[in-house]
Amino acid sequence: MSHRPPNSFSRLKGAPDFKTSKPECLALIIFYLVAGLILLFATFFDREVSSTIMNRSSIVGWFFQNYGTRGPNIVLFVCFQTIAWVTYFARNRGALRWVLTTFFLILAMNQLLLSLNGYFAYTLAVLLNGEVKQVANPGVSQLIWSLLITFGLSIIFYRYIDNRTEEERQYLLRAAVMGIALVFVVSLIIGDLKLHWGRYRPFQMDADMGRFTPWYHPNGSNGHYSFPSGHTTSGWLLLYLPFLLPRSWRTAQKYLVILTVTIAILTALSRVRYGAHWLSDVTAASIIVFSTIFLFSRVLEAHFVEDQPSDGWQIRKRES
């Protein structure tokens, strides 16, 4: 018999309705207060901020420009892997579980393949060969590495799901399905706004910034996509990852929240520094994505960091 954790969180039948915790309420107040003040400041001083700090030679800005767009791929990869192995361990599914597991593993590998495109493939080629031009067929190389990395990570996810209780698996399955929906909803919202706002980026300005328009002024579809920031969106989407952890892993949830919020803020600041976005672009994206994640978490009935199992969660003992 495979090992099972000694305990897990499980929602009690007849437990009180799910409520936003006090720490979450405080975090929400701080987030919206700070973001609102920054957006108000940016409404009047967008041009001055970019004129002062924009640096197209910024190493940090270059790094996030090329490596800061993989948030959706990471979230989808974790979601697809989770669904694949929860399906595999499901009971009474027969051959169907093999078909579904294989299908979702292919979807996971596709996300990894997408992540290896562009500078990911370039970096890999340089590390292996010294020069990217020595890679005869980058497409084949990316496919091979995607297969190998997916295989290795799949072993980790297999063991991860294998060591979960049935209650934890059912929660993780719901969280993964909602994570996929979250990525598509956020992508639709941000993509639609970008398409119709038509805002010029700071580095596209002429000497007197005659092309500048405030963030609240849509210009229509004109081939310019500064508002809101896609890279910032990618960074904030990583904040959903703590919900893909078992609810009993409170310490891991806490550290992952800190890590992902830090990445999101650094990504946003780097976009302003690099001259790719105005301060209002990254602030608006932060508000939209954070709000969407928060709404999805309420439907999922999970906290960013779970409290002690006193408000509807109990610890179920299970023999190994």
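**Figure 1. Buried residues of helix α8 in the predicted model.** In this predicted model, the buried residues of α8 are His231, Thr232, Thr233, Ser234, Gly235, Trp236 and Leu237. Because 7 of the 8 residues of α8 are buried, the helix is largely enclosed by the rest of the structure. The elements that cover these buried residues include α1, α2 (59–67), α3, α7, α9 and α10.

**Figure 2. Helix α10 and the residue that follows it.** Helix α10 contains 22 residues and reaches 32 Å from its first C-alpha to its last. This span is close to the 32 Å expected at 1.5 Å a residue. Of the 22 residues, 18 are buried, so α10 is largely enclosed by the rest of the structure. Glu301 follows α10 and has a positive phi, near 60°.

**Figure 3. The largest nonpolar core.** This core comprises 52 residues, among which Tyr240, Phe243, Leu244, Ile293, Leu300 and Phe304 touch the most other members. Two or more residues of the core come from each of α1 (22–53), α3, α4 (95–115), α6 (138–162), α7 (166–197), α8 (230–237), α9 (250–273) and α10 (279–300). Helix α3 gives the most to this core, with 11 residues. A second, separate core has 6 residues, including Ala42, Val49, Val272 and Val282.

**Figure 4. The surroundings of Leu300.** When residues up to four places away in sequence are not counted, Leu300 touches Tyr171, Arg174, Ala175, Met178, Tyr240 and Phe243. Leu300 is also one of the residues that touch the most other members of the largest nonpolar core.

**Figure 5. A cluster of aromatic rings.** The structure holds 27 aromatic pairs. Ring pairs link Phe31, Tyr32, Trp236, Tyr240, Phe243, Phe290 and Phe304 into a cluster. Among these residues, Trp236 is a buried residue of α8, while Tyr240, Phe243 and Phe304 are among the residues with the most contacts to other members of the largest nonpolar core.

**Figure 6. Arg56 and two aromatic rings.** Arg56 lies over the face of Phe203, at 4.1 Å from the ring centre. Arg56 also lies over the face of Tyr274, at 4.3 Å from the ring centre.

**Figure 7. Asn73 in helix α3.** Asn73 belongs to helix α3, which spans residues 71–88. Asn73 has a relative accessible area of 11% and is therefore buried, the limit for a buried residue being under 20%. Leaving aside neighbours within four places in sequence, Asn73 is in contact with Gln111, Leu114 and Ser115.

Terms used:
Residues are numbered from 1 along each chain as its sequence is written. This is a predicted model: local features need pLDDT of at least 70, side-chain atom pairs count only at pLDDT 80 or more; totals for chains, interfaces and linings use all residues. Side-chain values use heavy atoms; hydrogens and water are left out. Helices (H or I, at least four residues) and strands (E, at least two) are DSSP runs, numbered from the N terminus. Buried means under 20% relative accessible area, exposed over 50%, partly exposed in between (1.4 Å probe, protein chains only). Contact means heavy atoms within 4.5 Å. Rings of Phe, Tyr and Trp (its six-membered ring) pair if their centres lie within 6.5 Å; planes under 30 degrees apart count as stacked, over 60 as edge-to-face and the rest as tilted. A charge sits over a ring if NZ of Lys or CZ of Arg is within 6 Å of the ring centre and within 35 degrees of the ring normal. A nonpolar core is a set of buried Ala, Val, Leu, Ile, Met, Phe, Trp, Tyr and Cys residues joined through side-chain atoms within 4.5 Å. The expected span of a helix is 1.5 Å times one less than its number of residues.
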